[in-house]
Amino acid sequence: MRTLHSARIALVPVDVRNARELWEVLNAPDLRKFQDIPRVRAEEFERQVRARPKELRANSSGRFEWVLRAGTPQTTIGWISLRVNDRSPRVGEVGYSLVLDARGKGYASEALQAVIDEAFIEGELDEVQACIVPENAASRRVLDRTGFREERLLRSGAVIRGRHVDVLLFSVARAIWDRARRESMARSSSG
Ligand SMILES: CC(C)(COP(=O)(O)OP(=O)(O)OC[C@H]1O[C@@H](n2cnc3c(N)ncnc32)[C@H](O)[C@@H]1OP(=O)(O)O)[C@@H](O)C(=O)NCCC(=O)NCCS
């Protein structure tokens, strides 16, 4: 995996050297309301990270994750992940969070766009999905801004803090991403 750069953010791949940086973010306040983040000790988390795939390329599967750094001096503002199941290796699912101070600045949308591009280009995926609980309005706006479309409600589609909850499935297909990308390149070359 490689470090990705967007206008204001460095997306640094998570490996055993920075696993603890991510572990600390995962334990920051207000991240668990709308998503399931298992509580594990730092050493166990490092062990899990060590077992993850090292390269995102066509047909690779597993969990790919980046910590997000921004500002001067740079601080860790959140994380973003892409999970590819080996039973459907052309489809990925993203997840993301920002620490409280970093919200409301467009960082999540910027990071998500960078990871979608990476998923389609390096991972050669056909589709990227995301699931949110319906009341997560901030996350829904992030998905709308980055070209996702709402697909359907998955009843009991996730477990959050020990309870089964319904989630909305969103997705962006390669063809839609490709068209938006070509339109944006045409706009920037004509302007
Ligand atoms: C979901 C979450 C990442 C969204 O964060 P966010 O800060 O709202 O999203 P962005 O970083 O894209 O910022 C967008 C907001 O910044 C504003 N903004 C300010 N400056 C901006 C800029 N330069 N560019 C773009 N947006 C900007 C936008 O207007 C937008 O506000 P709005 O949604 O009220 O219109 C955040 O709420 C979070 O971490 N929640 C807890 C964990 C969670 O729910 N994760 C998702 C599970 S599915």
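This is a predicted model: local features need pLDDT of at least 70, side-chain atom pairs count only at pLDDT 80 or more; totals for chains, interfaces and linings use all residues.
Helix α3 spans residues 107-121, 15 residues in total. From its first C-alpha to its last it reaches 21 Å, close to the 21 Å expected at 1.5 Å a residue. The helix is mostly covered, with 13 of its 15 residues buried.

The largest nonpolar core has 51 residues. Those that touch the most other members are Leu11, Trp66, Ile80, Leu82, Val94, Leu112 and Phe148. Helix α3 supplies the largest share of this core, nine residues. With neighbours within four places in sequence left aside, Leu112 contacts Ile80, Val94, Tyr96, Val142, Leu143, Thr146 and Phe148.

## Helix α4

Helix α4 covers residues 137-145, and Ser139, Val142 and Leu143 are buried in it. These residues lie on the same side of α4, because they cover an arc of only 95° around the axis. The buried residues of α4 pack against β5, α3, β6 and β8.

After α4 comes Gly147, which has a positive phi near 90°.

Strands β3 and β4 run antiparallel and are joined by nine bridges. Ala70 stands opposite Thr75 of β4. The two strands form a hairpin with four residues between them, and Gly71 in the turn has a positive phi of about 90°. Pro73 is also placed in the loop between β3 and β4. The peptide bond that joins Thr72 and Pro73 is cis, with omega about -5°. In general, most peptide bonds are trans.

Strand β4 is mostly covered, as seven of its 10 residues are buried. Its pairing with β5 is antiparallel over seven bridges, and the hairpin of β4 and β5 has six residues between the strands. Within this pairing, Gly78 stands opposite Leu98 in β5.

Ser97 has its place in β5. Ser97 counts as buried because its relative accessibility is 7%, where the cut-off for buried is under 20%. Not counting residues up to four places away in sequence, Ser97 touches Leu31, Gln35, Ile77, Gly78 and Trp79.

Ser60 is found in the loop between α2, residues 42-50, and β3, residues 62-70. With a relative accessible area of 14%, Ser60 is buried. The side chain of Ser60 reaches the backbone oxygen of Glu55 at 3.4 Å. Once residues up to four places away in sequence are set aside, Ser60 touches Glu55 and Val84.

## Strands β6, β7 and β8

Strand β8, residues 163-173, pairs with both β6 and β7. With β6, residues 127-132, the pairing is antiparallel over six bridges. Gln129 stands opposite Ser171 of β8. With β7, residues 149-160, β8 is joined by eight bridges, again antiparallel. Here the bridge partner of Ala158 in β8 is Val165.

The hairpin of β7 and β8 has two residues between the strands. Arg161 is found in this loop and has a phi near 45°, a positive value in a residue other than glycine. The relative accessible area of Arg161 is 57%, so Arg161 is exposed. Ser156 lies in strand β7 and likewise is not a glycine, yet has a positive phi of about 55°. Ser156 is partly exposed, with a relative accessible area of 44%. As background to these values, most residues other than glycine have a negative phi.

Key: Residues are numbered from 1 along each chain as its sequence is written. Side-chain values use heavy atoms; hydrogens and water are left out. The expected span of a helix is 1.5 Å times one less than its number of residues. Buried means under 20% relative accessible area, exposed over 50%, partly exposed in between (1.4 Å probe, protein chains only). A nonpolar core is a set of buried Ala, Val, Leu, Ile, Met, Phe, Trp, Tyr and Cys residues joined through side-chain atoms within 4.5 Å. Contact means heavy atoms within 4.5 Å. Two strands pair if DSSP finds at least two bridges between them. The arc is that of the directions from the helix axis to the C-beta atoms. A polar contact is a pair of N or O atoms within 3.5 Å; within protein, one must be able to donate a hydrogen and the other to accept it, and residues adjacent in sequence count only if both atoms are side-chain atoms.
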